[in-house]
Amino acid sequence: MRLSVCLLMVSLALCCYQAHALVCPAVASEITVFLFLSDAVVKLQVAKFNPPPEALAAKLEVKHCTNQISFKKRLSLKKSWWK
């Protein structure tokens, strides 16, 4: 199984190396909210997916880690999505 996944990834990389993808606006919005807004807003945004409590807790734990990143670096992360 692992070998087949590796082969698939390599073949996709070789066959599709010239593809240019745009980030879906919904994904961009999710990333922006996650990087820049408060925990309460993130909870509201995640609530629409009706996640199990463990998943919400895990996302908030990661959010607390990303809150430790400087604003300047978070801004550069956001800019990297809209190249």
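This is a short tour of the structure, stop by stop, for use with a viewer.

**The whole chain**

Start with everything shown. The model is predicted. The protein chain has 5 helices and 0 strands. From the N terminus on, the elements run α-α-α-α-α. Now colour by burial. Of the 83 residues in the protein chain, 16% are buried. The accessible surface comes to about 6800 Å². Carbon and sulfur atoms account for 70% of that area. Contacts also tell something about the fold. Take those between residues at least 6 apart in sequence: 55% of them join residues at least 24 apart.

**Stop 1: helix α1**

Select residues 2–15, which form helix α1. Pick out L8, a member of this helix. L8 is partly exposed, with a relative accessible area of 46%.

**Stop 2: E30 in helix α2**

Move on to residues 25–36, helix α2. Select E30, which is found in this helix. What does E30 touch, leaving aside its neighbours within four places in sequence? Show Q45, K48, F49 and K59: E30 is in contact with each of these. Then show V42. The C-alpha atoms of E30 and V42 are separated by 8.7 Å. Along the chain, the two residues are 12 places apart.

**Stop 3: the salt bridge**

Keep E30 on screen and zoom in on K48. The structure holds 1 salt bridge. E30 forms it with K48, and the closest N and O atoms are 3.8 Å apart. This pair links distant parts of the chain, 18 residues apart. E30 sits in helix α2, while K48 lies in the loop between α3 and α4. Is K48 buried or exposed? K48 counts as exposed, because its relative accessibility is 59% and the cut-off for exposed is over 50%.

**Stop 4: N50, in the loop**

Stay in the loop between α3 and α4, and select N50. Check its backbone. Phi of N50 is near 50°, a positive value in a residue other than glycine. N50 is exposed too, with a relative accessible area of 66%.

**Stop 5: helix α3**

Step back to residues 39–47, helix α3. Which residues of α3 are buried? They are V42, Q45 and V46. Turn the view to look down the axis of α3. The buried residues fall within an arc of 95°, so they line one face of the helix. An α-helix has 3.6 residues a turn, so residues three or four places apart point the same way. Now bring back the surrounding helices. The buried residues of α3 pack against α2 and α4.

**Stop 6: helix α4**

Finish with residues 53–66, helix α4. This helix has 14 residues. From first C-alpha to last, α4 reaches 20 Å, close to the 20 Å expected at 1.5 Å a residue. Select its buried residues: L60, K63 and T66. These cover an arc of only 110° around the axis, which puts them on the same side of α4.

Note on methods
Residues are numbered from 1 along each chain as its sequence is written. This is a predicted model: local features need pLDDT of at least 70, side-chain atom pairs count only at pLDDT 80 or more; totals for chains, interfaces and linings use all residues. Side-chain values use heavy atoms; hydrogens and water are left out. Helices (H or I, at least four residues) and strands (E, at least two) are DSSP runs, numbered from the N terminus. The expected span of a helix is 1.5 Å times one less than its number of residues. Buried means under 20% relative accessible area, exposed over 50%, partly exposed in between (1.4 Å probe, protein chains only). The arc is that of the directions from the helix axis to the C-beta atoms. Contact means heavy atoms within 4.5 Å. Accessible areas come from the Shrake-Rupley method with a 1.4 Å probe; for residues, only the protein chains shown count as cover. A salt bridge is a side-chain nitrogen of Lys or Arg within 4 Å of a carboxyl oxygen of Asp or Glu.
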